[in-house]
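Here is a short report on one protein model.

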Amino acid sequence: MTQELAGKVTVITGAAAGIGKAAAELFASEGARLMLSDVNGEGVEAVAAALRAQGHEAQAMATDVTSEAQVGALVAATVGAYGRLDCAFNNAGIGHTPLSLLDVDAAMFERYLAVNLSGALWCMQHEIRVMLAQGGGTIVNTASLAGLAATPKMIPYTASKFGLIGITKSAASEFAGQGIRVNAVCPTSTDTEGMREFIATQGVAPDRMFGPMGRMGTAREIAEAALWLLSDRASFITGQTLVASGGSSGQTG
Ligand SMILES: NC(=O)c1ccc[n+]([C@@H]2O[C@H](COP(=O)([O-])OP(=O)(O)OC[C@H]3O[C@@H](n4cnc5c(N)ncnc54)[C@H](O)[C@@H]3O)[C@@H](O)[C@H]2O)c1
């Protein structure tokens, strides 16, 4: 059977847990040569070690995407290890905590923008420099349905994800003529470590997070959408948002 990412050097951010970890496992099974990163250095090394034990190529590096210097070092380490960079899944992010617009403060707002928006910007900047030099590449950013639809009490998160979709489209249009595709995957409620923590700390019943399918998405289902966008099967698709929501059209994150 064809492997969708056979031999493709692929960076994933936020790969210690949730969607990023599921993507690491899926992309490895599809033949990718992986550089996994996360602010949780021990956690991401454990994911890489488990993949190596199964015979896959996976290295890990502690990286906080809010630091442009650390992101630059991650991309440089990837090129140092594998000689190139074909695909990037810029997925690191922090989820939302319900809060009225009236209660948003500057530090909180800036934190969401730093992780969810600037983080992906620094990733794209360093990744695209390498991709331009080698003649192409593909990028998927993890946004959210909350980056497309109105959701109450999610101002900082909503701002970060609307912004992320905007810079995804802008980057796609700037580099479409140079063999670089940039898209976004937009999940709704997905059963991840981050979602379980949200459910526990907010004391919400898990079924309140369910959409029309009567369940949350799995991390693997979101990773599958990202895989398709990264693969050559999506070769004419750029600047797009792929909503993976089980039929939801808004009101959830
Ligand atoms: N789970 C959902 O319901 C859902 C819905 C829509 C969008 N998303 C988005 O999907 C992405 C992944 O979410 P998840 O649910 O898998 O979360 P998660 O909390 O399970 O995993 C996120 C990972 O990102 C890492 N991370 C956080 N801040 C970081 C930073 N500054 N630098 C590097 N790594 C960092 C964490 O350590 C963690 O390992 C996020 O961008 C999130 O906004 C998730």
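Glutamate 224 is partly exposed, at 34% relative accessibility. This is a predicted model. Glutamate 224 forms a salt bridge with arginine 220, and the closest N and O atoms are 3.0 Å apart. Arginine 220 is also partly exposed, with a relative accessible area of 44%. Both residues sit in helix α7, four residues apart, so about one helical turn separates them.

## Salt bridges

The whole structure holds eight salt bridges.

Which parts of the chain does the bridge between glutamate 4 and arginine 233 link? The two residues are 229 residues apart and belong to distant parts of the chain. Glutamate 4 lies in the segment before β1 (9-13), and arginine 233 lies in the loop between α7 (219-230) and β9. Glutamate 4 is partly exposed, with a relative accessible area of 21%. The cut-off for buried is under 20%, so a value of 21% falls in the partly exposed class. Arginine 233 counts as exposed, at 58% relative accessibility.

Glutamate 221 is partly exposed, with a relative accessible area of 35%. Arginine 215 counts as partly exposed too, at 36% relative accessibility.

Helix α4 covers residues 106-134 and has 29 residues. At 1.5 Å a residue it should span 42 Å, and its end C-alpha atoms are 40 Å apart, which agrees. Where does α4 bend? The bend is at alanine 114, by about 40 degrees. Aspartate 105 caps the N-terminal end of α4. One of its side-chain oxygens lies 3.2 Å from the backbone nitrogen of alanine 107. Glycine 135 follows α4, and its phi is positive, near 95 degrees.

Helix α1 covers residues 18-29, 12 residues in total. From first C-alpha to last it reaches 17 Å, close to the expected 16 Å. Is α1 mostly covered or mostly open? It is mostly covered, with nine of its 12 residues buried. The buried set includes Gly18, Ile19, Ala24, Leu26 and Phe27. Just after α1, glycine 31 takes a positive phi of about 95 degrees.

## Nonpolar cores

Nonpolar side chains tend to be buried together in soluble globular proteins. In this model, the largest nonpolar core has 32 residues. Those with the most contacts inside this core are Ile12, Phe27, Leu34, Leu36, Leu51 and Phe89. The elements that give it two or more residues are α1, β2 (33-38), α2 (41-53), β4 (87-90) and α7. Which of them gives the most? α7 does, with eight residues.

Leucine 34 touches residues in several places along the sequence, leaving out those up to four places away. Its contacts include Thr10, Ile12, Ala24, Phe27, Leu51, Glu57 and Tyr82. A second, separate core has 18 residues, including Val130, Ile139, Ala171 and Val182.

## Single residues

Most residues other than glycine have a negative phi. Lysine 153 is not a glycine, yet its phi is positive, about 60 degrees. Lysine 153 is found in the loop between β5 (137-142) and α5 (155-175).

Serine 245 is placed in the segment after β9 (241-244). Buried or exposed? Serine 245 is buried, because its relative accessible area is 13% and the limit is under 20%. A polar atom of its side chain lies 2.8 Å from the backbone oxygen of serine 248. Serine 245 also touches Leu145 and Thr188, not counting residues up to four places away in sequence.

Arginine 208 is in the loop between α6 (193-202) and β8 (217-218). At 61% relative accessibility, arginine 208 counts as exposed. How far apart in space are arginine 208 and serine 189? They are 9.9 Å apart, C-alpha to C-alpha, and 19 residues apart in sequence.

Notes:
Residues are numbered from 1 along each chain as its sequence is written. This is a predicted model: local features need pLDDT of at least 70, side-chain atom pairs count only at pLDDT 80 or more; totals for chains, interfaces and linings use all residues. Side-chain values use heavy atoms; hydrogens and water are left out. Buried means under 20% relative accessible area, exposed over 50%, partly exposed in between (1.4 Å probe, protein chains only). A polar contact is a pair of N or O atoms within 3.5 Å; within protein, one must be able to donate a hydrogen and the other to accept it, and residues adjacent in sequence count only if both atoms are side-chain atoms. Contact means heavy atoms within 4.5 Å. The expected span of a helix is 1.5 Å times one less than its number of residues. A salt bridge is a side-chain nitrogen of Lys or Arg within 4 Å of a carboxyl oxygen of Asp or Glu. The bend at a residue is the angle between axes fitted to the seven residues ending there and the seven starting there. A nonpolar core is a set of buried Ala, Val, Leu, Ile, Met, Phe, Trp, Tyr and Cys residues joined through side-chain atoms within 4.5 Å.
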